[in-house]
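Please follow the chain through its charged pairs, its sheets and its loops. The account below begins with a contact between side chains and then turns to the strands.

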Amino acid sequence: MLTKKLAQLKAIFGEMEQALIAYSGGVDSTLVAKVAYDVLGDRALAVTAVSPSLLPEELEDAKIQAATIGIRHQLVQTHEMENPNYTSNPVNRCYFCKSELHDTLKPLARKLGYPYVVDGVNADDLHDYRPGIQAAKERGARSPLAEVGMVKAEVRQLSLQLGLPWWDKPAQPCLSSRFPYGEEITVAKLQRVGRAEIYLRRLGFKNLRVRSEGDTARIELPPEHIKEFILTTDLQSIVSAFQEFGFIYVTLDLEGYRSGKLNQVLTRNEEEPLRWTVNPVLQEGFPL
């Protein structure tokens with residue numbers, strides 16, 4: 001099955017002849033970049049958007065991975081932080097993020113002669129709340145992984161088979177996903193969260209989130225790592241470090257890390273499947 005899907009991916013890129021890849025450095029877009037390069041060579045270009053919502057470490061990883069693959073790599077600046085529709089952090093914040101991304105990439109692709117912009121959306125993403133997917137589709141982007149029905153587990157498996165050393169890299173969505181809907185996002189808050197997560201990673205904890213709610217940092221770790229964290233780390237040193245970053249309170253989420261946890265306050269409008277609102281029982285609501 002995986003061999004068939006890889007062949008389908010190669011066929012898609014073969015038909016494109018040239019492609020610009022929206023490349024974050026995550027496992028999905030990196031696999032897309034790898035297959036695109038294998039098929040198209042220098043007719044494939046990976047482009048990474050640089051903004052305050054991207055961890056500096058993630059940007060360096062993206063550069064290293066692109067160089068390892070061999071694909072040409074270019075950086076562009078995006079300016080979603082200048083859009084109040086984004087910084088006010090509504091439930092469809094990601095729509096405005098991806099709008100900014102693809103409104104930047106599409107003209108670049110046209111200028112450089114690339115007929116297609118592709119991203120790393122996989123088939124699992126289609127079943128989650130991802131308003132950014134709508135923004136990308138509206139701007140003509142294609143999602144080869146989703147087109148062939150490749151789910152996240154298959155992305156990792158194929159990446160391993162192709163010899164990509166980052167096949168098991170933890171998911172790392174943009175830093176804005178660390179804030180509850182409705183809390184304003186600022187560059188200072190993004191930097192505070194970024195420094196906190198880098199600090200914990202340097203202690204050896206890779207798959208984690210630092211959620212920011214006002215002046216409180218809530219650390220999320222996989223449930224099986226919570227006991228180790230409590231017993232083997234200097235908790236007071238962590239508190240002191242986080243306070244230096246700008247937090248006042250530091251907490252540990254006893255439920256543990258779960259992707260998309262902040263979306264649990266959302267409810268779907270059954271009559272309009274693409275419309276979601278904050279459940280007033282769980283959090284004070286506001287309109288989309």
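K169 forms a salt bridge with D61, the closest N and O atoms being 3.8 Å apart; a salt bridge here is a side-chain nitrogen of Lys or Arg within 4 Å of a carboxyl oxygen of Asp or Glu. Because K169 lies in the loop between α8 (152-161) and α9 (187-202) while D61 belongs to helix α3, the pair ties together parts that are 108 residues apart in sequence. Helices and strands are DSSP runs numbered from the N terminus, helices being H or I with at least four residues and strands E with at least two. With a relative accessible area of 11%, K169 is buried, whereas D61, at 29%, counts as partly exposed. Buried means under 20% relative accessible area, exposed over 50%, and partly exposed in between, with a 1.4 Å probe and protein chains only.

The model is predicted, so local features need pLDDT of at least 70 and side-chain atom pairs count only at pLDDT 80 or more, while totals for chains, interfaces and linings use all residues. Residues are numbered from 1 along each chain as its sequence is written, and side-chain values use heavy atoms, with hydrogens and water left out.

Side chains of opposite charge can pair when their charged atoms come close. By the rule above, the count comes to 17 salt bridges. One of them joins R139 to D103, with the closest N and O atoms 2.7 Å apart. This pair links distant parts of the chain, since R139 is in the loop between α6 (131-138) and α7 (144-147) and D103 is in helix α5, 36 residues apart. R139 counts as buried at 19% relative accessibility, and D103 as partly exposed at 44%. A further salt bridge brings together the side chains of E183 and K189 (3.3 Å, N to O); E183 counts as buried, at 16% relative accessibility. Salt bridges that share partners also join R211, E213, R218, E220 and D253 into one network.

Strands of a sheet pair through backbone hydrogen bonds, either parallel or antiparallel. Here two strands pair if DSSP finds at least two bridges between them.

S212 stands opposite A217 in β6, and E213 has T216 as its bridge partner in β6. The two strands form a hairpin with two residues between them, and G214 in the turn has a positive phi of about 65 degrees. β5 is mostly covered, as four of its five residues are buried.

A second open sheet has four strands in the order β3-β2-β1-β4, with parallel pairing. β3 and β4 (117-118) stand at the edges with a single partner strand each, so one side of each is left without a neighbour in the sheet. Six bridges join strand β2 (residues 44-50) to strand β3 (residues 72-77), which run parallel. L45 has R72 as its bridge partner in β3, and V50 stands opposite Q77 in β3. Together with helix α3 (residues 56-69), β2 and β3 make a right-handed β-α-β unit. A crossover is right-handed if, with the strands pointing away from the viewer, the path from the first strand over the helix to the second runs clockwise.

Two loop residues call for attention to the backbone. Most residues other than glycine have a negative phi, and most peptide bonds are trans. E17 has a positive phi of about 70 degrees although it is not a glycine; E17 is found in the loop between α1 (2-16) and β1 (19-22). N89, also not a glycine, has a positive phi of about 60 degrees and is found in the loop between α4 (84-87) and α5 (93-112). N89 is buried, with a relative accessible area of 0%.
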